[in-house]
Amino acid sequence: MKTVRWFLLPLTVLGLGFPAVRAASPATNAAASLVLGQALFTPNATQTPATAGSLNLPGGIAIDATSGKVFVADTGNNRVLRYPKSSSLTNGAAPDLVFGQLNFSSSAANQGGATSQTSLSGPVGVFVDAGGNLWIADTGNNRVLMFANAANISSMPSFADRVLGQPTFTANTAAPTQSTLAAPTGLCVDPAGVLWVADTGSHRVLGFKDAATLANGANANRVLGQTTFTANAAGTTQTTFFKPTGVAADASQIWVADSGNNRALQFQNYPSINGAPAGLVLGQTTYVSSTPATSATGLTLPTSVALSGSTLWVADSSNNRVLNYAISGSTVPGAAATTVIGQAVFTTGTSGLSAQKLSLYQSNQISVDSSGSLWVADQLNNRALRFGSGSATPTPTPTPTPPTVIVNGSQHFKTTKRSIKLFGTAASTAGIARVSYALNTGKYVKANGTTSWQTGTIKLSVGKNYIYVAAVDATGLASTPTVIIVRRKSN
């Protein structure tokens, strides 16, 4: 039987570009309103062999915004369970489909199997994108699988439509390259269709553009935490990670749960370079500290992040709690959380089971649904919890269209001039708020004009110069940067 590496880890669903959830969020020390995997809130036993309704070390959870169906990564049983519409669920409800197994209770249902198009090995992260595709971080197989139209699949076993991180459905080699993964855990897809994967074993986060249309084993387009696709060193700096386990993104920001460094990091926009620096840290006051703590400002092995409106939820795993932060442009490094779930106060981290309020034990992946309810994979209690009423009916959410930016002239040319100016246009149905540009790894500078714009004087170095131009619309949605390559020849 295959050896499975267990990860008490996360996922994420940050919503910087996803439509903000406007419903009220759960308050401090809120009671859970629903439990899955157990019939009641007090038991936490596993079932051997696995049954349809049982959970064993659940690692991930996601809600399809269109159908309202709930997906839970049943990590210990090497499967992902799909439940009916969230607003119709009752305690201990049974799932209606299983991914990764032949059925709900076959004799081999919790044993894993040979790496294939229908099997899973210790899956952790799950995410449903705007197109209804289910993405699974198949951690033990060092890959990510996609199941198209997951809410409407009816056949078991279910066949994956795509694999990333491996060249085929039968490969599972761990390696740090542009196309391979090593124990991926958290993942999400942003509104522009970029799949972000926390590649935990290689201490990095990979971005795959237009992921739903890529060929099997396709290359990643961007890496965070490393400057190249072949590096995999851990670190505690503004540009490095130590076992990142959760990632969430929208058109404006990316959040990473940097588990081994006891912090959460924010990156602005789609990073223009590999190894881009973070712009904000929570859980620590500096980028070179990694001290674990049980307080309103500290974190200990955070595993997942999720955004609801202007607030960020962080699953603080080893403190057996979930924290909520108010996020704005004025948020400072090491800012204090405003709400705690799973503990009565910010200074305790006790695991619990006897009550609905103090009831978390190694909180793992989290998610927020369209009603504002918080969902938690309560891993060591072998269950999934919902905090909030969950009464709102999920409605289809249109994917925002990013603005476009055009640079006049060639995008790759040579010159003997020491400086240049660029001109162009930008467009968006929401209106253009600004156009900005950056030279090489420098900071973005605001251009003059919006729908018709021009840069200031850009000084060129001898050799290749990379100029990045991006537009931001009135809603804060950013375009993918246009890259202009200028080779300055010496006079």
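Colleague: Which backbone oxygen does the side chain of Gln 166 reach?

Modeller: This is a predicted model, in which local features need pLDDT of at least 70, side-chain atom pairs count only at pLDDT 80 or more, and totals for chains, interfaces and linings use all residues. Residues are numbered from 1 along each chain as its sequence is written, and side-chain values use heavy atoms, with hydrogens and water left out. Gln 166 sits in the loop between strand S10 (162-164) and strand S11 (184-189), where strands (E, at least two residues) and helices (H or I, at least four) are DSSP runs numbered from the N terminus. At 2.7 Å, its side chain reaches the backbone oxygen of Thr 173.

Colleague: Is Gln 166 buried or exposed?

Modeller: Buried means under 20% relative accessible area, exposed means over 50%, and partly exposed lies in between (1.4 Å probe, protein chains only). Because the relative accessible area of Gln 166 is 2%, this residue is classed as buried.

Colleague: How many salt bridges are there?

Modeller: Side chains of opposite charge can pair when their charged atoms come close. The rule asks for a side-chain nitrogen of Lys or Arg within 4 Å of a carboxyl oxygen of Asp or Glu. By this rule, the number of salt bridges is eight.

Colleague: What is the distance, N to O, in the salt bridge of Arg 263 and Asp 258?

Modeller: Arg 263 has a relative accessible area of 0%, so it is buried. Asp 258 is likewise given as buried, at 0% relative accessibility. Their side chains meet in a salt bridge with an N to O distance of 2.7 Å.

Colleague: Which residues do salt bridges that share partners join into one network?

Modeller: A separate pair, Arg 79 and Asp 74, has its closest N and O atoms 2.7 Å apart, and both of these residues are buried. The network joined through shared partners consists of Lys 69, Arg 82 and Asp 96.

Colleague: How far apart in space are Phe 387 and Leu 34, C-alpha to C-alpha?

Modeller: Phe 387 belongs to strand S25 (residues 383-387). It counts as buried because its relative accessibility is 0%. In sequence, Phe 387 and Leu 34 are 353 residues apart, while their C-alpha separation in space is 7.2 Å.

Colleague: What separates the C-alpha atoms of Asp 190 and Ala 130?

Modeller: Asp 190 lies in the loop between S11 and strand S12 (195-199). With a relative accessible area of 8%, Asp 190 is therefore buried. Along the chain Asp 190 and Ala 130 are 60 residues apart, and their C-alpha atoms are separated by 8.9 Å.

Colleague: Which residues does a cis peptide bond join?

Modeller: Pro 157, one of the two, is located in the loop between strand S9 (143-147) and S10. With omega at about 5 degrees, the cis peptide bond joins Met 156 and Pro 157.

Colleague: What is the phi of Leu 57?

Modeller: Leu 57 is in the loop between strand S2 (34-36) and strand S3 (60-63). At 23% relative accessibility, it is therefore partly exposed. Although Leu 57 is not a glycine, its phi is positive, at about 55 degrees.

Terms used
Polar contact = N/O pair within 3.5 Å; in protein donor to acceptor, adjacent residues only side chain to side chain.
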